[in-house]
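Open the structure in your viewer and keep the selection tool at hand.

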Amino acid sequence: MPALLSNLVPKQLVLPVLLLLGSLQPAHAASADSRLPQESRVPGGVALVPFQAATVPRVNYQDARVLVVPQPQAGPGQWLAVVGIPLDADASVSQQLDINGKALAFDIEDKTYKAQYLTVKNKRHVDPDPEDLKRWAQEKAEMDEAFSYWSEPSDPVLHFELPADGRFSSPFGLKRYFNQQPRNPHSGLDIAAPEGAPIRAPAPGVVRATGNYFFNGNTIIVDHGFGLSSLYCHLSRIDVAPGQSMVAGEQLGLVGKTGRVTGAHLHWSLSLNNTRVDPLLFVDEQLFIDKK
């Protein structure tokens with residue numbers, strides 16, 4: 001038993017306290033064989049922030065709840081916050097975590113992403129009309145609700161396989177220009193694959209949303225627990241429904257070219273604490289080293 005608990009808890013309460021901690025820990029802890037994502041403390045990256053807390057902590061960053069995992073090998077009460085950093089984060093300012101109501105600062109470094117210029121034939125996908133914008137606002141609200149969903153599966157996901165086979169055609173974070181007009185940075189990874197190629201669940205999860213969206217085309221959002229979700233866009237076919245549980249490798253749908261695209265491909269995003277981060281930080285390097 002940790003010395004901290006033995007000093008604070010009467011002997012007759014030791015067993016109940018240990019049982020309580022045992023029941024709480026699986027909902028917040030990665031299993032022993034889970035692999036942490038690669039740390040990259042830059043906009044669009046992931047920060048692994050260690051801290052100490054005597055009880056199971058609640059951590060928030062920019063008003064969103066944060067995934068935490070215990071670090072027993074580091075000692076009693078040691079935890080790690082796995083934090084998604086927004087692409088628009090200001091590296092000149094210290095970032096702040098809220099841990100059980102107390103602030104903990106961590107620093108990030110700036111990163112310059114390359115620019116990408118694309119020609120989109122459907123002009124409304126560059127300059128949408130008022131009805132298009134109204135539709136997109138409703139769709140965005142649906143996706144935001146899915147991205148902000150918090151669940152606590154027994155086995156947290158911290159590692160992914162690739163969801164499709166193909167060359168990486170557009171990396172995460174690109175500064176994008178459509179028909180010479182600046183738009184939001186690329187918030188995912190594009191995998192070039194032929195139309196109709198299978199898309200697989202890269203990790204266990206539950207489907208939270210599906211739909212045909214104005215910009216994203218046929219879309220699926222999968223919840224992997226603890227604020228970690230994945231997004232799949234431009235599909236030619238959706239093979240799953242909201243509420244459906246998925247295992248790694250199970251088919252989600254087929255690659256397509258729906259929505260705002262220049263050709264068939266899969267757009268794959270990961271969202272951590274409702275923040276889009278580089279998916280490759282969660283993938284074994286040997287799986288993609290030849291695809292860049």
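This is a predicted model: local features need pLDDT of at least 70, side-chain atom pairs count only at pLDDT 80 or more; totals for chains, interfaces and linings use all residues.

Residues are numbered from 1 along each chain as its sequence is written, and side-chain values use heavy atoms, with hydrogens and water left out.

Colour by accessibility next. Of the 292 residues, 47% are buried (buried is under 20% relative accessible area, exposed over 50%, partly exposed in between, with a 1.4 Å probe and protein chains only). The protein exposes about 14,400 Å², and carbon and sulfur atoms supply 51% of that area; the areas come from the Shrake-Rupley method with a 1.4 Å probe, and for residues only the protein chains shown count as cover. Among contacts between residues at least 6 apart in sequence, 68% join residues at least 24 apart, a contact being heavy atoms within 4.5 Å.

Select Val59, in strand β2 (residues 59-61). Is Val59 buried or exposed? Val59 is buried, at a relative accessible area of 0%. Beyond its neighbours within four places in sequence, its contacts include Phe51, Val66, Ala81 and Leu97. Draw a distance from Val59 to Ala81: their C-alpha atoms are 7.6 Å apart, with the two residues 22 apart along the chain.

Move to strand β6 (residues 95-99). Which residues form its covered face? Gln95, Leu97 and Ile99 do, while Gln96 and Asp98 form the uncovered one. In a regular strand the side chains alternate between the two faces of the sheet.

Now show the partners of β6. Strand β2 pairs with β6 in the antiparallel sense over 3 bridges (pairing requires that DSSP finds at least two bridges between two strands), and Asn60 stands opposite Asp98. Strand β7 (residues 102-106) also pairs with β6 in the antiparallel sense, over 5 bridges. There Asp98 stands opposite Ala103. The hairpin of β6 and β7 has 2 residues between the strands, and Asn100 in the turn has a positive phi of about 50 degrees.

Select Leu104, which lies in β7. Leu104 is partly exposed, at 27% relative accessibility. Leaving out neighbours within four places in sequence, Leu104 contacts Val49, Pro50, Phe51, Gln95, Gln96, Leu97 and Ile99. The C-alpha atoms of Leu104 and Val59 are 10.0 Å apart.

Go next to strand β19 (residues 251-254). Strand β13 (residues 198-200) runs antiparallel to β19 and is joined to it by 3 bridges; Arg200 stands opposite Gln251. Strand β17 (residues 237-238) is also antiparallel to β19, with 2 bridges, and Ile238 has Gly253 as its bridge partner.

Finish with the largest nonpolar core, of 39 residues, where Phe160, Tyr232, Leu252, Trp268 and Phe282 touch the most other members. Such a core is a set of buried Ala, Val, Leu, Ile, Met, Phe, Trp, Tyr and Cys residues joined through side-chain atoms within 4.5 Å. Its largest share, 4 residues, comes from β20. Select Phe160 and look for its contacts, among them Pro202, His224, Trp268 and Phe282. Apart from this core lies another, of 18 residues, including Ala47, Val68, Val83 and Ala89.
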